[in-house]
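Take a look at the chain below, with its sequence beside it. We will walk through it one site at a time.

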Amino acid sequence: MWHHDAVAPRGDGTLSHDLLPGEKGPQDACGVFGVFAPGEEVAKLTYFGLYALQHRGQESAGIAASDGSQIMVFKDMGLVSQVFDEASLETLQGHIAIGHTRYSTTGGSVWSNAQPTLGPRPEGTVALAHNGNLVNTGELLRLLEEREHARSGEIARGNTTDTALVTALLNTEGSLESALRDLLPLLRGAYCFTLMSEDTLYAARDPQGIRPLVLGRLERGWVVASETAALDICGASFVREVAPGEMIVIDEQGLRSEQVLEPRPKGCVFEYVYLARPDTRIAGRSVNESRIEMGRRLAQEHPVEADLVIPTPESGTPAAIGYAQESGIPYGQGMVKNAYVGRTFIQPSQTIRQLGIRLKLNPLREAIQDKRLVVVDDSIVRGNTQRAVVRMLREAGAAEVHVRISSPPVRWPCFYGIDFATRAELIANGLGVGDIARSIGADSLGYISQEAMIEATDQDSSTLCSACFTGQYPVRVTDVEELGQGTLDLHTQQTVAAREDA
Ligand code: SF4
């Protein structure tokens with residue numbers, strides 16, 4: 001077992017959805033990847049898999065690989081392309097690998113919380129990568145403390161994530177397979193795990209299947225990944241989704257599957273709206289098609305007389321195309337995203353900070369001058385970004401700015417791996433649609449209805465989580481006071497306790 005030592009966070013990269021400095025959009029928890037493929041360069045396959053999952057987490061990246069006898073890990077803060085080079089990938093030899101891109105939900109954004117997490121086991125080591133967020137970490141911590149070897153491994157070294165907790169809880173007698181089988185029923189919340197011992201790859205998904213996880217086939221092995229886009233990039237063919245509640249074990253004997261927990265599907269509807277890549281398919285539905293359909297439905301529900309439909313780049317693009325198709329209003333580009341001023345650890349100077357959204361977006365004056373615009377975006381969280389966009393478009397000469405949103409108002413926090421904001425910060429928590437329109441300075445504002453959004457995903461509403469829109473949480477949240485990053489205010493805790501319906 002070998003560890004790469006930390007270096008200071010490095011700037012910069014692209015791929016950030018955030019448009020306004022200091023104003024984060026919804027942040028995804030993470031992307032996970034796993035591969036078992038004798039004869040393949042598994043570290044490189046994992047590298048490209050993570051590259052395709054970069055949008056799911058941009059704070060740190062890591063890969064663990066094993067040649068059957070020893071697990072090596074390389075992880076660091078930064079984007080996949082910053083963390084790895086040929087030399088570091090060369091150290092990751094073997095035929096089994098897992099990988100991770102991270103945005104922090106539980107536990108801060110520091111090197112010691114990067115994944116994969118390593119933990120000792122009686123007969124070896126476990127490396128674990130996690131996408132999601134557990135909601136009973138307090139309970140699990142108490143369970144760990146009851147055990148004699150409590151707080152071994154990374155937990156003892158200050159790793160504060162729920163992932164390190166799960167890793168430590170897998171340190172029991174018997175095989176890793178049986179440890180995982182015993183532990184999964186004790187976990188609550190959202191998890192997609194890829195994990196490995198020296199000679200076996202495992203994958204597991206929570207019984208609600210909140211976050212996506214898919215299985216793919218290589219000529220000489222198997223791949224598991226958060227999104228189908230990560231299968232495509234490494235030449236794996238899609239086999240099927242990992243079922244909610246399923247554990248998969250892959251070793252030299254092949255692939256075994258076990259339904260450890262009864263499936264109660266509640267896939268995250270926000271994956272279709274914004275989180276997943278447009279070229280990914282979830283539960284058989286193209287994410288891009290879902291978004292275009294959301295735009296069409298938005299146009300039916302909130303028509304307006306206008307000259308041009310423009311997206312907020314890039315996430316509003318498919319819904320804007322759908323809105324234009326349905327309304328007959330021409331589609332065009334009204335703003336250009338400055339793609340290479342993405343995520344940075346360098347604080348902008350005061351002069352640059354004052355530019356606000358102009359750091360990321362520039363209006364195309366000729367295209368929007370004197371036009372009545374429909375601006376389509378995927379969601380409104382705090383409203384600051386939309387306010388800045390509307391202002392920028394007016395300053396650039398737009399005659400009218402009508403904002404259309406392809407998800408309903410976000411009123412509740414997410415406990416299953418997406419960091420929106422505290423409830424108090426959500427603009428739709430306190431204000432009605434008319435007030436929000438005034439607050440962001442739009443001539444009109446329309447949100448898609450809950451029903452239309454869900455219909456656009458082609459899924460049965462009973463199989464989806466839409467708690468951030470409805471407050472109906474599919475998995476009971478008991479440890480709210482112990483959840484990381486101050487996600488909650490007191491009011492939310494009380495309300496959540498009252499509304500949970502598990
Ligand atoms: S609360 Fe919202 S973002 Fe979180 S899992 Fe449910 S639908 Fe997805």
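**A walk through the model**

C30 lies in strand β1 (residues 30-36). Helices (H or I, at least four residues) and strands (E, at least two) are DSSP runs, numbered from the N terminus. This is a predicted model, in which local features need pLDDT of at least 70 and side-chain atom pairs count only at pLDDT 80 or more, while totals for chains, interfaces and linings use all residues. Residues are numbered from 1 along each chain as its sequence is written, and side-chain values use heavy atoms, with hydrogens and water left out.

UniProt positions are given in the numbering used here, feature names are shortened, and annotations may be inferred rather than shown by experiment. Is C30 buried or exposed? C30 is buried, with a relative accessible area of 4%. Buried means under 20% relative accessible area, exposed over 50%, and partly exposed in between (1.4 Å probe, protein chains only). Leaving aside neighbours within four places in sequence, C30 is in contact with residues including R56, H100, H130 and S226. Contact means heavy atoms within 4.5 Å.

Now turn to S197. This residue sits in the loop between β7 (189-196) and β8 (201-205). S197 counts as buried, at 8% relative accessibility. Its side chain and that of D199 are joined by a polar contact of 3.1 Å. A polar contact is a pair of N or O atoms within 3.5 Å; within protein, one must be able to donate a hydrogen and the other to accept it, and residues adjacent in sequence count only if both atoms are side-chain atoms.

Next comes the ligand. Of the 13 residues around the ligand, R211, C268, C414, C465 and C468 come nearest. A residue is near a molecule if one of its heavy atoms lies within 4 Å of it. Two elements give two or more residues to this shell: α9 (269-275) and α18 (467-470). By class, the shell has eleven nonpolar, one polar and one charged residues. Here Ala, Val, Leu, Ile, Met, Phe, Trp, Tyr, Cys and Pro count as nonpolar, Asp, Glu, Lys and Arg as charged, and the others, Gly among them, as polar.

Which residues does UniProt list for "binding site"? The unreviewed entry gives C268, C414, C465 and C468. They span 201 residues in sequence, yet no two of their C-alpha atoms are more than 10.1 Å apart, so they gather at one spot. C268 lies in strand β14 (residues 267-268) and is buried, with a relative accessible area of 9%. C465 is found in strand β23 (residues 464-465). C465 is buried too, at 8%. Setting aside residues up to four places away in sequence, C465 touches C268, Y416 and P474, among others.

Helix α16 (residues 433-440) comes next. Its buried residues are I436, A437 and I440. Seen down the axis of α16, they fall within an arc of 105 degrees, so they line one face of the helix. That arc is taken from the directions from the helix axis to the C-beta atoms. Their cover includes α14 (384-395), β21 (400-405), α15 (427-430) and β22 (444-447). G441 follows α16, with a positive phi near 80 degrees.

Last stop: D370. This residue is in the loop between α13 (365-368) and β20 (372-377). D370 is exposed, with a relative accessible area of 59%. D370 and A398 are 28 residues apart in sequence and 4.9 Å apart in space, C-alpha to C-alpha.
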